[in-house]
Amino acid sequence: MPKPVRISLDAMGGDHGPSVVIPGAALALERHPDIRFLLYGDEAVIGPLLNTQPKLKEASEVRHTDIAISMDEKPSQAIRMGRGKSSMWRAVQAIRDKEADATVSAGNTGALMATAKVCLKTMAHIERPAIACMWPTLRGESIVLDVGATIGADASHLVDMAIMGAAMARIVFDLQRPTVGLLNVGTEEIKGLETVKEAARLLREVNLPHLDYRGFVEGDDLGKGTVDVVVTEGFTGNIALKTAEGTAKQIGEYLRSAMSRTLMAKIGYLFAKQAFNALREKMDPRKVNGGVFLGLEGVVVKSHGGTDALGFASAIDVAYDMAHHELMNTIRTMLEHEPVEQPA
């Protein structure tokens, strides 16, 4: 029998809490029968929902907590109020205590990052963690990081992110040497901030064995899928992510409006319904839900706070893959070859 993958869940996190977490976990269990869950939250709320999912109940243990971190809680308040007591903290602590292999929360991003950094600490030689997300592209999917963990980055931080992103890509895409690009305002080597150009020099000269550095990529390369991993700092990455999400919604509204404008448009929609359904499936954000906090001593996955059960199940899928394929060991192996930034 294969060893079960143990995943702890912040059952109270997100806009909807247990009403999404429980059915989402049930969906994930159908896809991965070897998962075992630790559910942290209000037992009085979780219990009745769990009773409607007998298979999930059999594969789960509920651990009661009285405190839930709200979506607008400041990180410092989340640490002060929830340390050792909140559903978020206890779910992350389960990794530290070797009771879980990964954790998933749809809660407050800042609070979750602060909790994870305090509870788990960062990996050796990693100064700051990053959030990596899956990005739909014309050729499939890419990984983009950082999408909001920290603002600003020097050359060594960008190199760290390139290594960690490539480690994740090796697992997700089953690639021995994923291609990596640095997001920049142009592909020419003379363009961009000095920190980005210095990171490019380090990656180019060291020629790391576990990743294939392809140089600078531009904003339109995100959607093209030019490389497997796109690296940028958190300010730019978060803006790019929110812009892409907003653009997808905008296009969807344009299409709905155009298809209902005239009788001929409605008839045309009926003939093209299958194509539109395929487009909707491709653009469904629930299928790529789940940002991975890279650089911590443990696998922490952040689900979108407003997602539904299908989206939360996708976040659990990500956590399962990262734990099952030993993301932490992959990152450690690749960090052994990390270049050292030389002083100017």
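The exercises below go through helices, salt bridges, a pocket and some backbone angles of a predicted model.

Residues are numbered from 1 along each chain as its sequence is written, and side-chain values use heavy atoms, with hydrogens and water left out. Because the model is predicted, local features need pLDDT of at least 70 and side-chain atom pairs count only at pLDDT 80 or more, while totals for chains, interfaces and linings use all residues.

**Exercise 1. Helix H6**

Task: Describe helix H6, its ends and what covers its buried residues.

Solution: 

Step 1. Helices (H or I, at least four residues) and strands (E, at least two) are DSSP runs, numbered from the N terminus. H6 covers residues 109-120, which is 12 residues.

Step 2. The expected span of a helix is 1.5 Å times one less than its number of residues. From first C-alpha to last, H6 reaches 16 Å, close to the expected 16 Å.

Step 3. Buried means under 20% relative accessible area, exposed over 50%, and partly exposed in between (1.4 Å probe, protein chains only). The buried residues of H6 are Ala111, Leu112, Met113, Ala114, Thr115, Ala116, Cys119 and Leu120.

Step 4. Contact means heavy atoms within 4.5 Å. The cover over these buried residues includes helices H4 (75-82) and H5 (87-96), together with strands S4 (102-105), S5 (130-137), S10 (291-294) and S11 (299-302).

Step 5. At the N-terminal end, Asn108 caps H6, with a side-chain oxygen 3.0 Å from the backbone nitrogen of Gly110. Just after H6, Lys121 has a positive phi of about 70 degrees.

**Exercise 2. Helix H5**

Task: Why can H5 be called largely enclosed by the rest of the structure?

Solution: 

Step 1. Eight of the 10 residues of H5 are buried, so the helix is largely enclosed.

Step 2. These buried residues are Ser87, Met88, Trp89, Ala91, Val92, Gln93, Ala94 and Ile95.

Step 3. They pack against strand S2 (35-41) and against S1, H4, S4, H6 and S11.

Step 4. Lys98 follows H5 and has a positive phi, near 65 degrees.

**Exercise 3. Salt bridges**

Solution: 

Step 1. Side chains of opposite charge can pair when their charged atoms come close. A salt bridge is a side-chain nitrogen of Lys or Arg within 4 Å of a carboxyl oxygen of Asp or Glu. The count by this rule is 13.

Step 2. In the pair of Arg31 and Asp317, the closest N and O atoms are 2.9 Å apart. The pair links distant parts of the chain, as Arg31 is in helix H1 (residues 18-31) and Asp317 in helix H13 (residues 309-324), 286 residues apart.

Step 3. Arg31 is partly exposed, at 40% relative accessibility. Asp317 is buried, at 15%.

Step 4. Arg96 and Asp97 form another salt bridge, with closest N and O atoms 3.4 Å apart. Arg96 is partly exposed at 41%, and Asp97 is partly exposed at 35%.

Step 5. Lys191 and Glu188 meet in a salt bridge at 3.5 Å, N to O. A network of salt bridges links Glu61, Arg63 and Glu99.

**Exercise 4. The second largest pocket**

Task: Which helix gives the most residues to the lining of the second largest pocket?

Solution: 

Step 1. On a 1 Å grid over the protein atoms alone, a pocket is an open set of points where a 1.4 Å probe fits, with protein on both sides within 12 Å along at least five of seven lines; lining residues have an atom within 4 Å of a point.

Step 2. The pocket is lined by 21 residues, and Arg6, Ala100, Asp101, Ala323 and Met328 lie nearest its centre.

Step 3. Strand S1 (5-10), H5, H13 and helix H14 (327-335) each supply at least two lining residues. H14 gives the most, with four residues.

**Exercise 5. Backbone angles**

Task: Where do Asp146, Asp174 and Asn207 lie?

Solution: 

Step 1. Most residues other than glycine have a negative phi, and most peptide bonds are trans.

Step 2. A cis peptide bond, with omega about 0 degrees, joins Leu145 and Asp146. Asp146 lies in the loop between strand S6 (140-145) and helix H7 (155-172).

Step 3. Asp174 is not a glycine, yet has a positive phi of about 55 degrees. Asp174 is in the loop between H7 and strand S7 (179-183), and is exposed, at 65% relative accessible area.

Step 4. Asn207, also not a glycine, has a positive phi of about 55 degrees. Asn207 lies in the loop between helix H8 (194-206) and strand S8 (212-217).

Key
A polar contact is a pair of N or O atoms within 3.5 Å; within protein, one must be able to donate a hydrogen and the other to accept it, and residues adjacent in sequence count only if both atoms are side-chain atoms.
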